[in-house]
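This briefing is meant for a reader meeting the structure for the first time. Please look over the sequence and the model below before reading on.

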Amino acid sequence: MNTPPLASGPEGPPSLRPLLDTVLEALGEGARARGGPLPAGGPGAVASRVRDALGDVLPDEGDPDSLRHLVRALAEGAADPADPLCAAHLHCPPLAVAAAADLAVSVLNPSMDSWDQAPAASELEALVTRALANEVYLEVPRGAGLHRYAAPPRGATGPHRPAADNDALVTTGGTESNQLALLLAREIQGPEVRLICGANAHHSLPRAAWLLGMPAPVIIPTPTGTLDPTTLHTALQSGSAPALVAATAGTTDTGQIDPLPEIAHLCAEHHARLHIDAAYGGGLLFSDRHRAKLTGLSVADTVTLDLHKLGWQPVAAGLLAVRDKNDLTALHQHADYLNADDDTEAGLPDLLGRSLRTTRRPDILKIAVTLKTLGRTGLGALVDQVCERAREFAQLVHDHPGFELHEPPTISTVLFRPANATDDAVAAVRRKLLTDGRAVLGRARAADRLWLKVTLLNPTTRPADLAGLLQLVEGTTPR
Ligand SMILES: *Cc1c(COP(=O)(O)O)cnc(C)c1O
């Protein structure tokens, strides 16, 4: 048997080209066979098509057509976030340029755990993460009066530290970023540190407290959808242990943003550490029109960002920004084969402390390519576009007598429900559209009722698509 071609090296590009043609054709065939935002027929039908396409997983003799067959099957059975009616989750359609950059990463296969596996990629990561951390920590949102919160007293963790000392780590997403934020808090504040967060916080935060063996978190009810400063104040007053407050900038269910300046002020007053989960809302930083909604972000000790949400990256593209990069010393790790002292002293960068992972993909390349290709203006325009679509959709819902709107959107999430429907009917509408493969809508509980949720992340969605979506839901609702 001939050795299969490698992706890198001088023969890599010519070997890859025909395979890429195959992949691109199979992607097109699969999408045409699907003919909608997701495959029709529900889990049973999809599972049986996948089983047929896969056949024997490890046959005695290989089949060179497997690339075409499996890519086509995956595409046919995909939920495609580039379809305007695929709008349930924080599941974005990736930019073509970012996917192309990611291909280069797969080919070159650098690993970010030591310089000798990723010489250029490690420098690129250092530069781009620092620049992104500066976006979070140095840029003052316009007209926002942020200066009042720019330098809170740091009684619990030492004197005020210059903002220039910030940095960011690359993660697999918001979940890992939140875990790291809690780990850093535990290492800096001690094992008794207690997480305080709203019931609106992402489930990965209390889960991280459990994972890290921290005390049970204080979960503050959020009946309005955001963390109420008065209730937070009471919680901060009643505990004696050091506290880590986690606020959310863009909740997963509604896209609402906690009152960050007030929360930051309370944290400073009570010497609590502040983490802001901006996995969703962080993308607003790119928009001149919307970034003032993030006022207060720059005083957080740590900030979760997730560019595979409002950043149009293929998964994974998470970040944890850290206001004081000295906080990262808690992650320092020594393994002689990766960062021997004499190598580090001789000038080889020590990368192990930049993640809890060892082997790690340079997800920074697609991010860097995107930032530079689109620029602040291009990215901001995408953000503005999806926020505008959400505003228009909310208006459509509001003006339609057959529907009820939860609230005007803060970012690009809209909750709505057929008027006078029961929660069971709302859930059934969503499942019917899923099973028919006609629309992918989310669900969220708010104000004690179940709502249909659209999360608009597709900048090519047109107003007419959304009018069609509303009609489709109307036609699916039993009367
Ligand atoms: C999506 C989300 C997360 C989790 O991010 P993953 O990338 O899915 O791990 C955390 N927090 C919030 C607010 C989110 O919306």
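This is a predicted model: local features need pLDDT of at least 70, side-chain atom pairs count only at pLDDT 80 or more; totals for chains, interfaces and linings use all residues.

Is H271 buried, partly exposed or exposed? With a relative accessible area of 41%, H271 is partly exposed, because that class lies between the limit of under 20% for buried and the limit of over 50% for exposed.

**The ligand and its surroundings**

- The ligand is surrounded by 13 residues, and the closest of them are T175, D277, D306, H308 and K309.
- By residue class, the shell around the ligand is made up of 8 polar, 3 charged and 2 nonpolar residues.
- Helix 6, which covers residues 174-189, gives the most to this shell, with a contribution of 3 residues.
- As for its location, the ligand sits in the second largest pocket.

- A backbone N or O atom of G174 is found 3.0 Å from an oxygen atom of the ligand.
- In the side chain of T252, an N or O atom lies 2.9 Å from an oxygen atom of the ligand.
- H308 places a polar side-chain atom 2.8 Å from an oxygen atom of the ligand.
- The ligand taken alone exposes 380 Å², and the protein buries 86% of that area.

- S412 belongs to the loop that runs between strand 8 (403-405) and strand 9 (413-418).
- The relative accessible area of S412 is 0%, so this residue is buried, given that buried means under 20%.
- The side chain of S412 makes a polar contact with the side chain of Y280, at a distance of 2.7 Å, and the side chain of S412 also reaches the backbone oxygen of L456 at 2.8 Å.

**The loop between strand 6 and strand 7**

- G311 is located in the loop between strand 6 and strand 7, and it counts as buried because its relative accessibility is 5%.
- Although G311 and Y280 are 31 residues apart in sequence, their C-alpha atoms are 9.1 Å apart in space.
- A316 is also part of the loop between strand 6 (302-306) and strand 7 (318-322), and the peptide bond leading from V315 to A316 is cis, with omega near 5 degrees.

- H271, whose place is in the loop between helix 9 (260-269) and strand 5 (273-278), has a positive phi of about 50 degrees although it is not a glycine.
- N109 is another residue other than glycine with a positive phi, in this case near 55 degrees, and N109 is found in the loop between helix 4 and helix 5 (119-137).
- N109 is classed as exposed because its relative accessible area is 58%, where the class of exposed residues begins over 50%.

**A96 in helix 4**

- A96 has its place in helix 4, which spans residues 96-108.
- With a relative accessible area of 66%, A96 is exposed.
- A96 and V46 are 50 residues apart along the chain, and their C-alpha atoms are separated by 26 Å.

Technical notes. Residues are numbered from 1 along each chain as its sequence is written. Side-chain values use heavy atoms; hydrogens and water are left out. A residue is near a molecule or strand if one of its heavy atoms lies within 4 Å of it. A polar contact is a pair of N or O atoms within 3.5 Å; within protein, one must be able to donate a hydrogen and the other to accept it, and residues adjacent in sequence count only if both atoms are side-chain atoms. Accessible areas come from the Shrake-Rupley method with a 1.4 Å probe; for residues, only the protein chains shown count as cover. On a 1 Å grid over the protein atoms alone, a cavity is a set of points where a 1.4 Å probe fits but cannot get out, and a pocket is an open set with protein on both sides within 12 Å along at least five of seven lines; lining residues have an atom within 4 Å of a point. A molecule sits in a cavity or pocket if more than half of its atoms lie within 2 Å of its grid points. Helices (H or I, at least four residues) and strands (E, at least two) are DSSP runs, numbered from the N terminus. Ala, Val, Leu, Ile, Met, Phe, Trp, Tyr, Cys and Pro count as nonpolar, Asp, Glu, Lys and Arg as charged, and the others, Gly among them, as polar. Buried means under 20% relative accessible area, exposed over 50%, partly exposed in between (1.4 Å probe, protein chains only).
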